Amino acid sequence: METVIELKDVSKVYDLDAVKVNALDKVSLKITKGQFISIIGPSGSGKSTMLHMLGALDKPTSGKVFIDGQDLSKLSDDELARLRGEKIGFVFQFFNLYPTLTAVENVELPMIIEGVDNDVRRERSLELLKLVGLEDRAYHLPAQLSGGQRQRVAIARALSNKPSFILADEPTGNLDSKSGKELIDMLIKLNKQQKTTIIIITHDEYIASHAKRIVSIKDGRIFKDRTTHSNGG
Ligand SMILES: Nc1ncnc2c1ncn2[C@@H]1O[C@H](COP(=O)(O)OP(=O)(O)OP(=O)(O)O)[C@@H](O)[C@H]1O
Ligand SMILES: [Mg+2]
């Protein structure tokens, strides 16, 4: 199986004045193509820190991160930014949509940055909105959408550059349980139909029960890594 991301003995120490936090402690993890993984663990256990490492958003204090076989420690900040734009789709708890842009314009943003042609990007954005069930909301502003709909726009946007994988940090954290469930069902569908690799941090039992692999973190360490028999990818 093709490895998409690998953490090798990754540690992250946050050093703030007198307080030193070992947020990650020699974590090793291999994620293969097409997996649907959920990362669970108590508050402060290092989940978001780990996601930042997986997404090249921050650098480890020690250890190495590989994305598609590439050693991130060998890349410049510019190269890292390019890699993030090309390979990773991010979805965060707060939707991070631009309030003055319509749904379809929000989805187009990463493609504008990548220099994709006008017509191509509009067509692709509309297709993605259709995929997340929002074709009839393409010209709505974020404020004119429900929370669940906004989060689906964020997912369409995360998919716009055909990323190798999606990283999501508590994407259902601000949704009611029905919208949260719809969002997850959509991610499961994406994972199955498009074979998109999905890594999701969650406190949500429903998500965790649908992931095929569940990685549990405590005190900056992986203490359980199990593969389940659910229908996730
Ligand atoms: N930028 C930072 N500077 C200093 N300490 C930090 C920083 N970010 C996180 N920490 C500390 O590192 C530890 C891990 O934080 P992290 O955000 O990874 O936890 P988490 O598992 O995502 O928690 P939550 O479920 O509450 O989001 C925590 O003890 C936190 O206080
Ligand atoms: Mg967190």
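Axes are lines fitted to C-alpha atoms, for helices over the stretch in contact, and angles run from 0 to 180 degrees between N-to-C directions. Helices (H or I, at least four residues) and strands (E, at least two) are DSSP runs, numbered from the N terminus. The model shown is predicted: local features need pLDDT of at least 70, side-chain atom pairs count only at pLDDT 80 or more, and totals for chains, interfaces and linings use all residues. Residues are numbered from 1 along each chain as its sequence is written, while chains are lettered from A and ligands numbered from 1 in the order in which they are written.

**View 1. Crossing of helix 3 and helix 4.** The axes of helix 3 (residues 103–113) and helix 4 (residues 118–131) come within 9 Å and cross at roughly 125°. The two helices are therefore oblique to each other (angles under 35 degrees count as roughly parallel, over 145 as roughly antiparallel, 65 to 115 as roughly perpendicular and the rest as oblique). Helix 3 contributes A103, V104, V107, E108, M111 and I112 to the contact, and helix 4 contributes R121, R122, R124, S125, L126, L128 and L129; two residues are in contact if their C-beta atoms, placed from the backbone, lie within 7 Å.

**View 2. The largest nonpolar core.** This core has 57 residues, and those with the most contacts inside it are I39, M50, L129, A156, F165, L167 and I199. Its largest share, six residues, comes from helix 5 (residues 147–159). A nonpolar core is a set of buried Ala, Val, Leu, Ile, Met, Phe, Trp, Tyr and Cys residues joined through C-beta atoms within 7 Å. A residue is buried if 20 or more other C-beta atoms lie within 10 Å of its own, exposed if 12 or fewer, and partly exposed in between, with C-beta atoms placed from the backbone. Leaving aside neighbours within four places in sequence, F165 is in contact with V4, I5, I88, T197, I198 and I199.

View 3. Apart from neighbours within four places in sequence, D25 is in contact with S11, G220 and R221.

**View 4. Positive phi at D9 and E170.** Phi of D9, a residue of strand 1 (residues 3–16), is near 50°. E170, in the loop between strand 7 (165–169) and helix 6 (177–193), also has a phi near 50°. D9 is partly exposed, with 13 other C-beta atoms within 10 Å, whereas E170 is buried, with 20.
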